[in-house]
Amino acid sequence: MPTEAEQPLKDGELLAAIDLGSNSFHMVVASYTMGQLRIVDRIKESVRLAEGLDGRGGLNPDVMPRALECLARFGQRLRAIPPHRVRAIATNTVRALSNPRIFLMPAETALGHGIDVVAGREEARLIYQGVARGSPSPEGKRRLVMDIGGGSTEFIIGQGYEAVERESLQMGSIATTRRFFADGQLSKKRWKEARTEITAEFQQFASAYRARGWHDAMGASGTIKAICDISIAMKLTKVSITPESIDAIRERLLGFDRLEDIRLPGLSSERRSIIAGGLLVLDAAFAELGITRMHISDNALREGVLYDLIGRASDTDPREASIASLSRRYGVDPVQAKRVEATALALFDQVEADWALEPDDRRLLSWSASIHELGLAIAHSQYHQHGAYVVEHSDIAGFSRTEQQILAALVRNHRRTLSQGSFNKLPDRLVASTQRCVLLLRLAVLLHRSHDREPLPSPHLEADGSALTLGLPGRWLENHPLTRSNLDTECESLQEIGYTLNIQAR
């Protein structure tokens with residue numbers, strides 16, 4: 001019987017997405033009604049987390065109280081929503097921390113939910129999902145979507161609901177303002193020099209984007225919306241941004257000597273200190289990508305997270321397609337992978353309750369079994385290490401950084417010596433469940449080491465805390481001396497991480 005977390009979405013259920021951006025924290029709550037999302041609540045608070053970055057991977061403790069106080073308020077609103085219908089996403093500022101757990105541990109406590117750190121390209125995919133679902137593009141036409149955040153800027157070309165090109169650059173309204181106008185001074189000369197530097201960073205993808213082409217362009221999130229508001233207030237455009245309106249806004253902005261002096265029609269006081277960096281990025285993007293007009297989307301990352309939650313609760317989980325693609329790309333033996341997966345999941349089901357494992361643990365175990373031999377495409381020697389590196393560092397659509405690190409830990413530890421370092425990368429709350437899934441995968445791989453097509457007798461596994469008892473038919477063990485020897489060796493290996501394994505002939 002499916003657990004509560006595995007139940008399909010019911011009409012009227014609430015979902016919530018939290019976006020821990022570099023500038024603002026957003027929360028959106030929606031009702032799943034007749035197959036559609038109906039927004040029932042939005043909360044936004046300006047936290048300016050990126051202002052706390054010290055350039056060395058550290059975070060100024062002064063920004064922590066306002067972040068945690070905001071998350072505590074969000075947490076109160078989330079109490080009535082089941083945890084599996086809530087997803088919190090952290091973006092560029094948390095990605096930039098040398099030790100994200102210093103922030104994540106108190107942040108998760110304040111919010112009352114886990115927080116997923118997503119890579120830049122995964123952030124771009126989620127942004128596109130939000131924009132595409134809110135404003136579908138004409139059938140068969142490609143669209144450019146741009147999102148200027150506080151710490152990074154994402155560029156996506158998509159068609160329909162599918163992102164076909166994704167880029168994330170380390171430039172945003174806060175980061176760029178601090179980089180080029182740290183002393184608060186403005187001048188045309190400084191702007192020109194900054195524009196030259198910013199433009200150089202577009203070279204890595206601009207020509208490919210121009211060659212791909214698009215039908216229309218849309219901007220998402222606060223900075224681009226703020227620039228559009230200025231354009232409208234200055235009577236430069238009605239509902240969009242154009243190269244001409246950017247030129248006029250830039251000239252007006254550069255008429256001020258300091259950031260604190262900026263007064264532009266339609267610009268809120270909240271954005272006054274960071275608008276220069278945001279406009280600089282947009283100015284360079286219009287020029288380098290040849291954008292002639294940009295309309296504004298009401299949807300962004302948080303709405304994309306909501307639609308992704310719907311996908312994860314249905315048969316359209318994007319992670320399934322990503323694992324299948326990864327398996328094909330690296331030529332994984334699908335028959336052997338299925339054998340290992342079936343045994344690993346059978347073992348999981350026997351100890352799930354005793355070990356308090358969750359449906360997400362089962363999915364990650366299943367996916368890791370599907371790609372555990374991925375590293376063989378590189379070299380047989382230490383292939384588990386090669387595979388783990390690929391999994392951890394690849395751009396795998398649908399997965400958060402933490403999920404990729406869990407997958408990497410499973411792939412890395414499915415054979416040979418257990419690596420404590422791979423577990424140290426995980427949040428403390430996920431270490432025990434990941435280690436336990438590793439043990440299940442190791443047993444499944446070991447039982448199928450010979451790649452034998454002969455059906456495996458159903459293994460019986462019992463768990464009592466850190467003690468495991470594996471039961472197999474005695475005659476089968478006698479006829480498979482290599483497997484028996486490997487199981488005896490495994491008993492010794494598991495002791496290194498505090499587990500005991502007893503092999504019982506039935």
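Lysine 235 sits in the loop that runs between helix H8 and strand S10 (240-241). Helices here are DSSP runs of H or I with at least four residues, strands are runs of E with at least two, and both are numbered from the N terminus. Phi of lysine 235 is near 60°, a positive value in a residue that is not glycine. Is lysine 235 buried or exposed? Lysine 235 is exposed, with a relative accessible area of 73%. The cut-offs are under 20% relative accessible area for buried, over 50% for exposed, and partly exposed in between, with a 1.4 Å probe and protein chains only.

Before going on, the provenance: this is a predicted model, in which local features need pLDDT of at least 70 and side-chain atom pairs count only at pLDDT 80 or more, while totals for chains, interfaces and linings use all residues. Residues are numbered from 1 along each chain as its sequence is written, and side-chain values use heavy atoms, with hydrogens and water left out.

Compare serine 221, which is also not a glycine and has a positive phi of about 80°. Serine 221 belongs to helix H8. Its relative accessible area is 12%, so serine 221 is buried.

Strand S2 (residues 24-33) is mostly covered, with ten of its ten residues buried. That holds for both faces: Ser24, His26, Val28, Ala30 and Tyr32 are buried on one side, and Phe25, Met27, Val29, Ser31 and Thr33 on the other. Strand S1 (residues 13-20) runs antiparallel to S2, joined to it by eight bridges; two strands count as paired if DSSP finds at least two bridges between them. Leucine 20 stands opposite phenylalanine 25 in that pairing, and a hairpin of three residues connects S1 to S2. On to strand S3 (residues 36-46), which is also antiparallel to S2, with ten bridges between them. There, serine 31 stands opposite arginine 38. The hairpin of S2 and S3 has two residues between the strands, and methionine 34 in that hairpin takes a positive phi near 50°.

Next, the cores. A nonpolar core is a set of buried Ala, Val, Leu, Ile, Met, Phe, Trp, Tyr and Cys residues joined through side-chain atoms within 4.5 Å. The largest one has 58 residues, and Trp355, Leu440 and Leu470 have the most contacts inside it. Helix H18 (residues 428-447) gives the most to this core, twelve residues. Which residues does leucine 440 contact, leaving aside neighbours within four places in sequence? They are Ala344, Leu347, Phe348, Val351, Trp355, Leu357, Leu365 and Leu461, where contact means heavy atoms within 4.5 Å. Apart from this core lies another, of 46 residues, with Phe155, Phe181, Ile241 and Ile249 among them.

Tyrosine 499 is in the loop between helix H20 (481-494) and strand S14 (500-505). At 6% relative accessibility, tyrosine 499 counts as buried. Not counting residues up to four places away in sequence, tyrosine 499 touches several others, including Trp355, Ala432, Arg436 and Leu494. From tyrosine 499 to arginine 436 is 63 residues in sequence and 9.4 Å in space, C-alpha to C-alpha.

On a 1 Å grid over the protein atoms alone, a cavity is a set of points where a 1.4 Å probe fits but cannot get out; a pocket is an open set with protein on both sides within 12 Å along at least five of seven lines; lining residues have an atom within 4 Å of a point. Grid points are joined across faces, edges and corners, and a volume is the space filled by probe spheres set on the points.

The whole structure has one cavity of 30 Å³ or more, and the largest cavity holds about 250 Å³. Its lining has 24 residues, and Asp19, Gly21, Gly149, Gly150 and Ser221 lie nearest the centre. H8 supplies the largest share of that lining, three residues.

The largest pocket holds about 1000 Å³. Among its 34 lining residues, Pro83, His84, Val86, Asp360 and Arg429 are the closest to its centre. Helix H14 (359-371) is one of the elements giving two or more residues to this lining, and its six residues are the largest share.
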